[in-house]
Amino acid sequence: SDQLAQGTPVFATPLTTFVLEHSRQIADMTGAANNPLRNGLQGNNDGQVSVQEFMQAIVVSGELVKESLGLGLLPASIDLFTTSPMLDGSAAAMDTLALRTANEALAALVVEMGNEISGAIGTSPGGTNILLALARDFSDGIFDRAQDGNAVATLSNISDLEATLTQNPVQLIVPGTSTPIADIALLVVAEANAMALAGSEEPLVAQSPVPVQTSIFETGGATGDPDPEPEPEPEPEPEPTNTAPVVSINAPQANAVFNFDQNVNAALGVSDAENNVSHCDISIDGTFAVRLQSAPFSANLGVIAAGNHVLAATCVDSDGLSASAQQSFLVNPEPVIDPEPENLAPTVSISSPANNSAHAFGANISVSALASDSDGSITFCDLLIDGSFAARDSAAPYFFSGANLSTLDSGAHSLSVSCSDQLGLASQSAVNITIDAPPEPENIAPVASFVTPATAQIFEYGETVNVQINASDSDGSIAHCTLSLNGNALRQESFAPYEWGTSNEIDPALENLAAGEHQLLGICVDDDNASVSIARSFTVNEAPNVAPTVAFITPTQQQHFNQGETVDVQLSASDPDGSVASCELQLNGSLLGNDNSAPFNFSGGSLAGLAIGSHTLQAICSDNDGLASAPVQHSIVIDAVSTSTSDVSLAWTIPTTREDGTPLIATEIDSYEIYYYLGSASQSGTSVNLPAIDQSSGGMVNSFIVSQLASGNYFFTIATIDTDGNVSAFVDPVALNIP
């Protein structure tokens with residue numbers, strides 16, 4: 001993925017297709033230094049493959065594939081994915097020939113396998129499917145037409161896979177051509193010349209004599225030189241022999257018998273001379289049941305259907321060697337139990353009250369029931385009122401009375417008696433009754449009281465008066481409450497809480513009341529139009545005098561001036577309950593002057609020719625009652641005048657996101673707009689448009705130098721423009737004082 005992101009060409013070949021599928025099969029395995037198949041893997045056997053696990057598996061698989069399918073031609077310098085299989089100048093010619101030979105040999109073998117499968121079953125699964133099947137076969141490190149002990153179906157019709165893969169590839173034909181593998185160099189050279197001529201260039205490789213080795217298998221095969229005597233291969237050192245694990249079934253025991261509802265537990269005895277058991281699979285009657293990956297190799301198989309069964313266990317070590325054992329057992333069927341004789345339900349009838357009878361509201365009603373059971377006895381009888389349990393009687397005579405029956409609401413009701421026998425079988429009988437409507441009670445007037453304001457409460461001038469009334473009605477509900485202030489009706493509230501003058505219930509009449517005593521009258525009415533009246537008085541104090549406020553319009557805080565430049569001061573002053581009579585200005589603690597009318601401006605005099613350095617201005621204004629404002633201070637700086645200029649280097653981080661949070665790719669940036677200005681002159685600054693890509697280097701621009709700036713207090717900002725002409729907001733200005 002890193003190579004693709006960097007623009008490195010990656011080639012799709014039979015070998016890379018094999019590597020990708022093989023990597024997917026082994027990526028989740030844990031690493032094992034003593035196992036070439038797993039050495040370097042970073043899996044954790046959790047059943048999921050992460051990006052990191054898969055990328056590391058590609059590295060491990062690539063080396064295994066070069067060793068097993070590379071025909072001994074692929075040194076470490078060859079990358080299966082990035083080394084070019086064509087003579088395009090990007091790789092050494094011998095590396096290209098070696099990689100191309102190994103790929104075409106594998107492709108030719110896949111074609112042979114496809115032909116053999118087609119001859120056996122009438123159709124071929126296709127080259128890609130055969131390649132993927134070979135990669136799955138090789139996931140345990142060997143080509144045996146099986147993966148973890150299970151047959152690979154695609155390869156099942158190849159009679160001798162080992163003989164096919166180990167045949168001498170020299171005489172195989174490059175798929176799609178008539179060229180033998182031994183003459184592949186001629187094919188690669190012809191491709192290179194064709195590419196060169198297509199581009200109207202000189203041929204990449206001379207036609208005669210061919211300046212490259214034309215056969216990987218025969219040195220000088222294209223030039224007519226005699227075949228060199230092959231050097232004797234050294235005797236391979238004997239590899240340590242791996243032995244298959246040993247497995248026995250400890251449970252269930254042979255011919256064990258289980259009840260129909262009994263759990264079957266399986267326990268295996270497993271040993272391996274090399275202590276590298278990978279897993280054990282348990283099946284019932286040939287159907288996979290569970291995989292065990294660590295000792296103790298045991299599992300609860302749950303309840304098994306009745307009948308004779310065979311439990312089989314197959315254990316596989318990390319090198320793919322396996323051993324199996326099986327055991328027979330029996331599960332008895334569920335016994336058949338003769339049915340009990342049918343129980344007959346009891347008989348029930350209600351003797352009182354009569355069905356459809358009417359009763360006065362609050363009358364004492366009683367229920368009497370008769371119950372019997374022909375084949376047993378009555379255990380109890382329950383009274384249900386309108387379907388809900390009310391009472392229980394466990395002995396005859398079955399009689400019910402009391403509060404539940406004397407407090408029924410007016411209207412229709414259902415009374416049911418349900419009686420159960422000793423086996424729980426029940427029958428019931430029901431009657432319907434009607435309760436007359438109750439007499440209408442006399443209406444009681446509501447009650448009300450003021451919660452706020454308190455009795456004789458005093459408010460400051462300008463304070464909003466909050467009014468809240470509590471009201472209730474013992475035999476109904478409050479319809480509404482009305483409030484009057486000094487005899488003037490304000491507003492009617494129909495729902496509690498009954499409030500006026502709150503943040504949720506704004507009443508202008510309760511704001512900014514005149515000083516003096518005020519009277520409130522509340523009237524609350526219930527749902528039967530009965531009412532109650534309550535009164536409350538409160539007092540508003542005289543309004544206090546409020547001091548004026550003052551602020552600097554000019555200069556701004558910490559504003560810089562050049563030496564000799566005149567400083568003009570302008571103040572803004574106001575008084576909420578009167579008028580501003582005068583404003584005075586102080587410089588560094590000394591009075592400069594007073595201004596008795598707006599606009600309050602000060603200039604000249606001591607404000608001209610101020611010394612270099614920092615100075616403090618302080619303004620105080622008084623209202624028509626002589627009350628003074630809080631003092632307000634501003635600092636200014638007088639800078640020495642300089643005729644020199646300076647260069648300012650600006651740098652920024654290339655943006656990666658847009659204002660809406662979506663990604664911004666670097667190639668979508670067209671240019672930057674740089675804007676800078678002196679002092680407070682933000683509307684008359686200088687704008688510079690800067691392309692986002694440096695034309696000389698081709699890199700992204702993230703800096704700029706503003707040249708020959710005179711002394712002063714400058715502000716710099718920048719915006720980004722994309723290739724569609726969209727302009728971002730300018731960033732907050734950055735200040736820089738040039739002395």
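Trainee: Which residues form the negative surface patch?

Mentor: Glu440, Asp475, Asp527 and Asp528 form it. Keep in mind that this is a predicted model.

Trainee: Where is aspartate 528 found?

Mentor: Look in the loop between strand E25 (516–526) and strand E26 (531–540). That is where aspartate 528 sits.

Trainee: Now the salt bridges. How many does the structure hold?

Mentor: Start with the general idea. Side chains of opposite charge can pair when their charged atoms come close. The structure holds 10 salt bridges. Let us take a few in turn.

Trainee: What does glutamate 63 form a salt bridge with?

Mentor: Its partner is lysine 66. The closest N and O atoms of glutamate 63 and lysine 66 are 3.5 Å apart.

Trainee: Where do glutamate 63 and lysine 66 lie?

Mentor: Both lie in helix H3 (residues 51–69). Glutamate 63 and lysine 66 are three residues apart, about one turn of the helix.

Trainee: Is lysine 66 buried or exposed?

Mentor: Use the cut-off: buried means under 20% relative accessible area. Lysine 66 has 8% relative accessibility, so it counts as buried. Glutamate 63 is partly exposed, because its relative accessible area is 41%.

Trainee: Which side chain does arginine 491 meet in a salt bridge?

Mentor: That of glutamate 493, at 2.3 Å from N to O. Glutamate 493 has 9% relative accessibility and counts as buried. Arginine 491 has 21% and counts as partly exposed.

Trainee: What about arginine 658 and glutamate 668?

Mentor: Their side chains also meet in a salt bridge, 3.1 Å from N to O. Arginine 658 and glutamate 668 both lie in the loop between strand E35 (645–651) and strand E36 (669–678), so the pair ties together parts that are 10 residues apart in sequence. Arginine 658 is partly exposed, with a relative accessible area of 28%. Glutamate 668 is partly exposed as well, at 25%.

Trainee: Which residues are linked in a network of salt bridges?

Mentor: Glu21, Arg24 and Arg136. Find these three and trace the links.

Trainee: Where do proline 397 and proline 453 lie?

Mentor: Proline 397 is in the loop between strand E15 (388–393) and strand E16 (398–400). Proline 453 is in the loop between strand E19 (447–452) and strand E20 (457–459).

Trainee: Next, phi. What is the phi of aspartate 285?

Mentor: Aspartate 285 has a positive phi of about 55 degrees, although it is not a glycine. Find aspartate 285 in the loop between strand E6 (277–284) and strand E7 (287–292). Aspartate 285 is partly exposed, with a relative accessible area of 42%.

Trainee: And what is the phi of asparagine 512?

Mentor: Also positive, about 50 degrees, and asparagine 512 is not a glycine. The loop between strand E24 (498–500) and E25 holds asparagine 512.

Trainee: Is asparagine 512 buried or exposed?

Mentor: Exposed means over 50%. Asparagine 512 has 53% relative accessibility, so it counts as exposed.

Trainee: Now contacts. What is serine 429 in contact with?

Mentor: Leave aside its neighbours within four places in sequence. Then serine 429 is in contact with Val348, Ser349, Ile350, Leu415, Ser416 and Val417. Serine 429 belongs to strand E18 (residues 426–435). At 17% relative accessibility, serine 429 counts as buried.

Trainee: Which residues does leucine 321 touch?

Mentor: Again, do not count residues up to four places away in sequence. Leucine 321 touches Asn242, Thr243, Ala244, Pro245, Cys315 and Val316. Leucine 321 lies in the loop between strand E9 (307–317) and strand E10 (322–331). Leucine 321 counts as partly exposed, at 33% relative accessibility.

Trainee: How many residues apart in sequence are leucine 321 and phenylalanine 450?

Mentor: They are 129 residues apart in sequence. In space, leucine 321 and phenylalanine 450 are 93 Å apart, C-alpha to C-alpha.

Conventions
Residues are numbered from 1 along each chain as its sequence is written. This is a predicted model: local features need pLDDT of at least 70, side-chain atom pairs count only at pLDDT 80 or more; totals for chains, interfaces and linings use all residues. Side-chain values use heavy atoms; hydrogens and water are left out. Helices (H or I, at least four residues) and strands (E, at least two) are DSSP runs, numbered from the N terminus. Buried means under 20% relative accessible area, exposed over 50%, partly exposed in between (1.4 Å probe, protein chains only). Contact means heavy atoms within 4.5 Å. A salt bridge is a side-chain nitrogen of Lys or Arg within 4 Å of a carboxyl oxygen of Asp or Glu. Patches are made of residues with over 30% relative accessible area and no salt bridge: like charges are joined within 9 Å, nonpolar side chains (Val, Leu, Ile, Met, Phe, Trp, Tyr) within 5 Å. Accessible areas come from the Shrake-Rupley method with a 1.4 Å probe; for residues, only the protein chains shown count as cover. Lys and Arg count as positive and Asp and Glu as negative; His and the chain ends are not counted. The place of a charge is taken as NZ of Lys, CZ of Arg, CG of Asp or CD of Glu.
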